[in-house]
Amino acid sequence: MLELHNVSKRFSGIPAVDDVSFCARPGEVTGYLGPNGSGKSTTMKMITGLIEKSAGHIFFEGKPIEGNLIAYKRRMGYVPEEPYLYTHLSGTEYLTMVAQLRDLPAKQSSERIDGMLRLFSLHGDRHASISGYSKGMRQKVLLIAALMHNPQLILLDEPFSGLDVASSLVLRSLIQELARRGKVVLFSSHELDTVERICNRVVILHHGKLVADDSIERLRSLMELPTLEQIFSQLAVEQDTDSMARQIANLIHA
Amino acid sequence: MPELMEKLIARLPLDFRVLYSQFLMRVIDLETLSIQADVVGFLGQFAGVLFMLSLLHSLVTYIGYLTFSVPAERLAWGWHMEHYLIATMMLVIGTFTVVSWDATFPDRRDVMILSPLPVAPRTILLAKISASAAVMGLAILTLNAASGLILPALLGAQPGPAWGFFQSFPAWWFTLIAASAFLYFSILTIQGFTALLLPRRIFLRLSAFLQLAAFGLFLGVYFVQPSLTDPVSMADPASQWILASSPSYWFFALFNRLNGSLPAQFAWIATRAWIGLGVAVLGAASSLLLCYLHTMKKTVEEPDLVPGAGGFHWTPSFGNSLQTAIALFSIRSLARSRQHRVAFAFYLAFVFGLAFSLLRGELATPAPAPVSMDFLISTFLMMFFAVAGLRTVFSLPISLTANWVLRTTQLRPSENYVAATRRSLLVLAVVPVWLMALGLSLRFRPIQHVAIHLAILALLGWLLVEICLIGFYKVPFTCSYLPGKANIQLIFWGFVIVMIAFVIPCAEFELSALGVPFKVVFMLCFLGAAVWALWILNGYRAESAVIYFEEIPDQVITTLGLTT
């Protein structure tokens, strides 16, 4: 289980994440939602150890992650928000490098990389430079890199970004399948339909603060709203979206 | 005057001014030279080094003028200096064209950003050319600021010094500008027509090799071509092919033709300069025109995804999985990143050119030569600059945003990363230089002395690697660097100091020791002990070190000074 207790992050004194606590359990897909700039990716980076938290504690399977960061990283797979890769490498070269850095046995990693490249329809372009890959192809490389070592904790920050419909459907099923196999999946997305379909529970962040942490069913009944989109709008959207659209149109016509 | 300039500049179209200032920032590939967004700083350093060279040239010219009083000797000295200064000018401009490779032609980014905007292609073209011309003008001016006055004044042709100056001064500056323009336009012609004739993906691959080949050619010609600057050696039939094919001699002859001091029998060499300049200007103009009419469209239409090379994909092992991952990452980064490749070539090319020029005599003779100071100095220099250059290039990041993967997969202690970096330095710098020295050593005897030197060179290479690893807790090509780190003056004077204070005494000592077994054993033991001690020290310090991906600025100590 992944647990965050009163986690905060301040940049130059300004809070990006403020006193956030929640749990992500094995066998469940936990959705992590919030508008742009609400602190989702910052939280993800704190969980991966990429940035240090200003306050609070993060536990994985009951132990603080700083206690043995190396052992923790061995069990974690992470897909970042943006598909930043070493674009001078080919898909195979990049994935092989990640496998070597993770010290996976060469034969096993080679088989897994080859198999996953086929399943993600990247096999034909595996020797092409990543600089030529589309955003969706890069996203697939990130997914393979995050999953090939069979991690127990899977952190997905906007994993559907750039994927085509077929790949999105595969990924949607894959996330649910991984959760069924006992993995801890923390999944951040703006696609509320997808979140509603695959997540068991959601955590909603607004201005760095936690505003909801419950199962979708329970949130629906508590707030008496039929969809996650309406729940999200009520909790985390401040503006009148129609009025804002009119203002923008007026401005460019002025 | 500045107000007038400002008024004139203000009358230029706004889109031209905006593009010119943008392109000026990009003429010199800043990443290549590890100065981030500090164009003024870089150009200042660049101009400073060139101006120092100019002062040095003036001094040497003046001393030579005073030393040689016999007219024939003075003429030979004058011709030698003229050719040397023209060749040096061409080398500087050649280096500039290599560093600013592709700067004049719009790349894919330019096309994608500027094409949707209402900017005429001719404005882009003019802004690009103006930016390149501005930097090239600065180079010409600073490199000749002093020598461009002294040389025409001292070596002006007859009749009389005053009249000679007024004839030779414009002739000299015209020659310098013409020689620079010839080189710059020739490179543009080659680039432009290659881009036009080849499919873009092949052009991009070939362009990288052309860039290095051009750099090698400029340096090779500069260091290796013989000095033919007196009428007797120029008239030698064996020299005719050099005079016919070397542009520095064409422009040397052109200056003397304009100056009225060229014997009629060499007029054909000056004619070559005119023909070469004409061909280069026409070639560059037509290739630029065609590029802006045709290649810009081709750039937009090129496919995004280029298939990789099919067939055999060999992944060699360089030790454990971490060492292999980092060594392969280093090799691929160096091979595929233009900026890093050029930066490394920048270090290698000068010192390799110098080394080969030192060995020119020994390599030209058919019989093996005895192990000499030249052989020892050149191999030491190659090893020193290969290791130091690679260490510097390792500090330039290839993609900071992609470093997250190294941080989230950092599963082994820091000393393993230091060991992997050591392996990369050995594989990429020490082993290739040592193999090159082995190849050169076939021309030297006795075998025992050669073998001892190769053993010393290997130990020296390893020692340099260990020195480079002190405090270097980074994965190659991943760590950010602070602005203004590349100090050209430091590199320049560092080279001079290393050459004089380290390499020459070491080579002298080794040469004297080669025949004395005790001294040989002492040298090998000393170097071996130094390598071992530093290896232990680096390993020990790495145990408590943290691999870092961002350079942290030095703490600035500030005091208000309020207490008395």
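Reader: What ground rules apply to the numbering and the confidence cut-offs?
Author: Residues are numbered from 1 along each chain as its sequence is written, and chains are lettered from A, with ligands numbered from 1, in the order in which they are written. The model is predicted: local features need pLDDT of at least 70, side-chain atom pairs count only at pLDDT 80 or more, and totals for chains, interfaces and linings use all residues.

Reader: How many helices and strands are there in chain A?
Author: Helices (H or I, at least four residues) and strands (E, at least two) are DSSP runs, numbered from the N terminus. Chain A has ten helices and ten strands. Its radius of gyration is 19 Å, close to the 18 Å that the globule rule gives for 254 residues, so chain A is as compact as a globular protein of that length. That radius is taken over C-alpha atoms, and the rule is 2.2 Å times the number of residues to the power 0.38. The C-alpha trace of chain A spans about 55 × 50 × 40 Å along its principal axes.

Reader: What share of the residues of chain A count as buried?
Author: Count C-beta atoms, placed from the backbone: a residue is buried if 20 or more others lie within 10 Å of its own, exposed if 12 or fewer, and partly exposed in between. In chain A, 42% of the 254 residues count as buried.

Reader: How do I read the sheets?
Author: Strands of a sheet pair through backbone hydrogen bonds, either parallel or antiparallel. Here two strands pair if DSSP finds at least two bridges between them. One open sheet of chain A has four strands in the order S2-S1-S4-S5, with antiparallel pairing. Its edge strands are S2(A) (14-24) and S5(A) (63-64), each pairing on one side only. S4(A) (residues 55-60) pairs with S5(A) over two bridges, in the antiparallel sense. Phe59(A) has Pro64(A) in S5(A) as its bridge partner.

Reader: What is the strand order of the open sheet of six strands?
Author: The order is S6-S7-S8-S3-S9-S10 in chain A, with mixed pairing. S6(A) (76-79) and S10(A) (209-215) stand at the edges with a single partner strand each, so one side of each is left without a neighbour in the sheet. The twist averages 15° from one strand to the next.

Reader: Which strands of chain A run parallel, and which antiparallel, to S9(A)?
Author: S3(A) (residues 29-33) and S9(A) (residues 201-206) run parallel, joined by four bridges. Gly31(A) has Val202(A) in S9(A) as its bridge partner. S9(A) and S10(A) run antiparallel, joined by six bridges. One bridge partner pair there is His206(A) with Lys209(A) in S10(A). The hairpin of S9(A) and S10(A) has two residues between the strands, and His207(A) takes a positive phi near 50° there.

Reader: How do I describe a helix lying across a sheet?
Author: Contact means that the C-beta atoms of two residues, placed from the backbone, lie within 7 Å. H1(A) (residues 40-48) lies across S1(A) (2-11), S2(A) and S4(A), running at about 65° to S2(A). H9(A) (residues 228-236) lies across S3, S9 and S10 of chain A, at about 30° to S9(A). H8(A) (residues 216-223) lies across S9 and S10 of chain A, at about 105° to S10(A).

Reader: How many of the eight residues of H8(A) are buried?
Author: The count is zero, and H8(A) is hardly covered. Glu224(A) follows H8(A) and has a positive phi, near 55°.

Reader: How is chain A divided into domains?
Author: Domain bounds come from an automatic or database domain assignment. For chain A that assignment gives domain 1 (1-75 + 153-215) and domain 2 (83-150). Their C-alpha centres lie 23 Å apart. The contact takes seven residues from domain 1 of chain A and seven residues from domain 2 of chain A.

Reader: What does the contact of chain A with chain B take from each chain?
Author: The contact takes 30 residues from chain A and 31 residues from chain B. H2(A) (69-74) and H3(A) (91-101) each supply at least two residues of the chain A side. H3(A) gives the most, with six residues.

Reader: And in chain B, is Phe526(B) buried or partly exposed?
Author: Phe526(B) has 13 C-beta neighbours inside 10 Å, so it counts as partly exposed. Phe526(B) lies in H22(B) (residues 517-543).

Terms used:
Axes fitted to C-alpha atoms, helices over the stretch in contact; angles between N-to-C directions.
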